[in-house]
Each structure stands twice: as structure tokens, then as C-alpha cells.
Amino acid sequence: NGATPATLTLGVGNTTGTLAADLNGRLAFERTFMVSALKHDGIDDIIATVAAALPAGPFLYPEDQAADVPVRVLAAEITREKVYLRVHEELPYSAAVETISFEDRADGSALIEQTIYVERESQRPIVLGKGGQTLKWIGQKAREELNEILGRQVHLFLTVKVDPKWQDSRALYAQFGLDFDV
């Protein structure tokens with residue numbers, strides 16, 4: 001019928017063979033994968049199967065490019081992730097990160113300055129933490145990931161600012177290539 005072949009992937013930690021049999025009985029899966037991300041079981045098989053099914057063609061991005069977004073945006077997203085990992089219960093989706101500057105230095109390292117925006121003054125101390133410990137953790141974890149992704153040393157400087165209208169900021173949307181008329 002020309003339909004795209006479908007595969008079924010189930011995590012072994014929360015599934016049983018009966019679930020796989022039941023789903024395979026209902027739908028026509030070309031292949032079923034049982035995986036364990038924790039043990040890395042079955043992952044290589046999925047990657048090989050998907051790679052074999054992809055059509056050959058030219059690279060759409062440079063081979064060393066880790067994402068299809070500018071590195072400034074990627075850096076902001078990594079830091080934003082660390083903010084939410086650390087303060088997600090106290091600050092549910094009330095913060096944004098903007099990369100203010102990204103400088104390639106002569107020694108090969110990168111200097112990145114970012115601002116973490118929160119909506120209320122009462123949220124600023126949550127991001128800072130006692131004696132700046134929360135902000136230090138956020139910066140350390142973001143820097144570690146950026147070092148790995150960029151393949152070079154990153155000097156990351158973070159500031160926290162209160163802006164009740166950060167969600168209306170054209171600059172925050174423009175960095176993602178979005179035209180948001182506020």
C-alpha cells in the first residue's frame with residue numbers, strides 16, 4: 001500500500017513481552033525493538049536500522065555542527081536547561097536565558113555572557129541561591145556541557161535580572177528565528 005514501514009520500540013524496564021505481542025497483533029510493525037537506555041541494550045541495533053533506512057544524500061549541515069540552531073541559541077538553551085534542573089519546583093517556567101555576547105578568544109576558548117531573566121524580584125534569590133551557590137551550580141553544569149559540545153574551553157558569565165515582561169521581548173524570540181509581534 002506504499003505506507004512507510006513502522007517500528008515499535010519498547011523499554012524493557014517498564015514493558016513485558018505480552019505488551020509487545022499485543023501491539024504487534026494490532027498493528028503491522030516491520031520490526032520490534034526492546035531497549036534499555038540504562039544498560040544501553042538494543043540502542044546500537046536501532047541506530048543501525050534507522051541509518052540503513054535513511055536515503056543517501058549530501059550533509060545538510062557541516063559535519064562538526066552539533067545542532068541546527070546558532071551556537072548562541074544552543075548555549076542559552078543549555079543554560080536554561082540547567083536553571084530548570086536546579087530550580088524547577090520553585091520556578092516553573094518563569095525564566096529565560098539570553099546570550100548577550102559570544103566571543104571567540106585568541107587562545108581558542110570562548111567567552112560567553114548570558115542573562116537569566118525572571119519575572120519577579122522574589123524569584124531572583126531563588127536563582128542566585130544562598131551565597132550564590134545555585135547560580136554557581138547552574139554555571140558550572142552549563143560550562144561543562146558547553147566545553148564538551150564546543151570542544152574547547154568556555155568562560156561563562158551569568159547574571160540574573162528581573163524583567164516582568166521578558167516574555168514580550170522581541171530579542172528573546174528573534175534569537176530562535178521567530179518573528180513575534182509583541
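Q: Where is the place of Arg26?
A: This is a predicted model: local features need pLDDT of at least 70, side-chain atom pairs count only at pLDDT 80 or more, and totals for chains, interfaces and linings use all residues. Residues are numbered from 1 along each chain as its sequence is written, and side-chain values use heavy atoms, with hydrogens and water left out. Helices (H or I, at least four residues) and strands (E, at least two) are DSSP runs, numbered from the N terminus. On that basis Arg26 lies in residues 17-26, helix H1.

Q: Is Arg26 buried or exposed?
A: Buried means under 20% relative accessible area, exposed over 50%, and partly exposed in between (1.4 Å probe, protein chains only). Arg26 has 63% relative accessibility, so it counts as exposed.

Q: With which side chain does the side chain of Arg26 make a polar contact?
A: A polar contact is a pair of N or O atoms within 3.5 Å; within protein, one must be able to donate a hydrogen and the other to accept it, and residues adjacent in sequence count only if both atoms are side-chain atoms. For Arg26 the distance is 3.1 Å, and the partner is Asp22.

Q: Which pattern does the protein chain follow along the sequence?
A: The protein chain has six helices and five strands. Read along the sequence, they give β-α-β-α-α-β-β-α-α-β-α.

Q: What percentage of the 182 residues in the protein chain is buried?
A: The cut-off is under 20% relative accessible area. Buried residues make up 29%.

Q: Which side chain does a polar contact join to Arg31?
A: Arg31 is found in strand E2, residues 31-35. Arg31 has a relative accessible area of 34%, so it is partly exposed. Contact means heavy atoms within 4.5 Å, and beyond its neighbours within four places in sequence, Arg31 touches Ala6, Thr7, Leu8, Asp45 and Thr49. The polar contact, at 2.7 Å, is with Asp45.

Q: Is Ser36 buried or exposed?
A: Ser36 is found in the loop between E2 and helix H2 (43-53). Leaving aside neighbours within four places in sequence, its contacts are Val12, Asp41 and Ile43. With a relative accessible area of 12%, Ser36 is therefore buried.

Q: What is the phi of His40?
A: His40 is also found in the loop between E2 and H2. Its relative accessible area is 45%, so His40 is partly exposed. Most residues other than glycine have a negative phi. His40 is not a glycine, yet its phi is positive, at about 65 degrees.

Q: Which side chain does a polar contact join to Gln114?
A: Gln114 has its place in strand E4, residues 110-118. At 1% relative accessibility, it counts as buried. Beyond neighbours within four places in sequence, its contacts include Ala75, Thr79, Val97 and Leu158. The polar contact, at 3.2 Å, is with Thr99.

Q: How far apart are the axes of H3 and H5?
A: Two packed helices are described by the angle between their axes and the distance between the axes. Axes are lines fitted to C-alpha atoms, for helices over the stretch in contact, and angles run from 0 to 180 degrees between N-to-C directions. Helix H3 (residues 71-87) and helix H5 (residues 133-150) pack at about 140 degrees, with an axis distance of 9 Å.

Q: Which word describes how H3 and H5 lie to each other?
A: Angles under 35 degrees count as roughly parallel, over 145 as roughly antiparallel, 65 to 115 as roughly perpendicular and the rest as oblique. The angle here is about 140 degrees. H3 and H5 are therefore oblique.
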